[in-house]
Each structure stands twice: as structure tokens, then as C-alpha cells.
Amino acid sequence: AQHGISVVLEGGVYTYRMTEDAHGALLAAWKASLNTMLGNLLTSGDSGSVTSFTASDDFSAITLKVDSAKFSEDMVTMITLALLSSTAPAYQALLSEHDNPKTQILIVDAKSGKQLADITAPDESGV
């Protein structure tokens, strides 16, 4: 097993197996990546709309506070939301603590506190 990870072919199905250390390292790297992704939203320059964020430890709940005047034109945030909606639930699946991994992302106006959007991924259709 290279780096504590091996691939096994059984009955036409590939299965990845890893040691606890490799699993822990994968989770730590994934979590760091998600935190970096969120942190980068705060430094996306003049076009950035995110003023702050909070996230639960397993990324099942994320709240972004935004400048609503900039939010609809902020492509960096839109792309990041698309990435978070797939990578955060996948992180939860690797934690092995969730039977049904989901992430709820709330977009809130930083000035008024008004909720602008509520994104749950995957949604009821599984997307």
C-alpha cells in the first residue's frame, strides 16, 4: 500500500482501502482545503461580496455574510458556492459520522441580517 492507500479489484468493483493514519491525513488536508476556500472569499478584492463566514466543524452548516449590493455580480463567490455544495458533503461522508451528508449554506446580508439564500446540497433530488 503506497502512502497507506491501496486499490483492490473484487468482482469488477474497485475498492480503496487506507490505514487510519492515511484516512486522518486525508481528512485533515480536506478540512484545510475547505477552510482555505472559505477564507479566500474574504480576500477576493474589490469585487468580493463576502464580509465574514462561519462553518460548523463538519461543514454541515455554513453561513456567509455578504454585501448584498455586490453579491449577485460576485463570480468568485458563485463558483466557490458550487464547489462547496459538492465538496463539503463529500468531506462529511469521509468522516463516517453521517448517514445522509448534507450541507446547508445560508447567505445573509451583512448590514440588515436578511437571509438572501438558503442552499442545501445535495438537494432532495440528490444533486
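Let me start with Thr51, which is found in strand S3, residues 50-55, where strands are DSSP runs of E of at least two residues, helices are runs of H or I of at least four, and both are numbered from the N terminus. Please keep in mind that this is a predicted model, in which local features need pLDDT of at least 70, side-chain atom pairs count only at pLDDT 80 or more, and totals for chains, interfaces and linings use all residues. Residues are numbered from 1 along each chain as its sequence is written, and side-chain values use heavy atoms, with hydrogens and water left out.

Thr51 counts as partly exposed because its relative accessibility is 47%, the class between buried, under 20%, and exposed, over 50%, with a 1.4 Å probe and protein chains only. Beyond its neighbours within four places in sequence, Thr51 is in contact (heavy atoms within 4.5 Å) with Leu42, Lys65, Val66, Asp67 and Ala110; the C-alpha atoms of Thr51 and Val66, 15 residues apart along the chain, are separated by 5.3 Å.

Turning to Leu64, and again leaving aside neighbours within four places in sequence, its contacts include Leu38, Val50, Phe53, Leu81 and Ile107.
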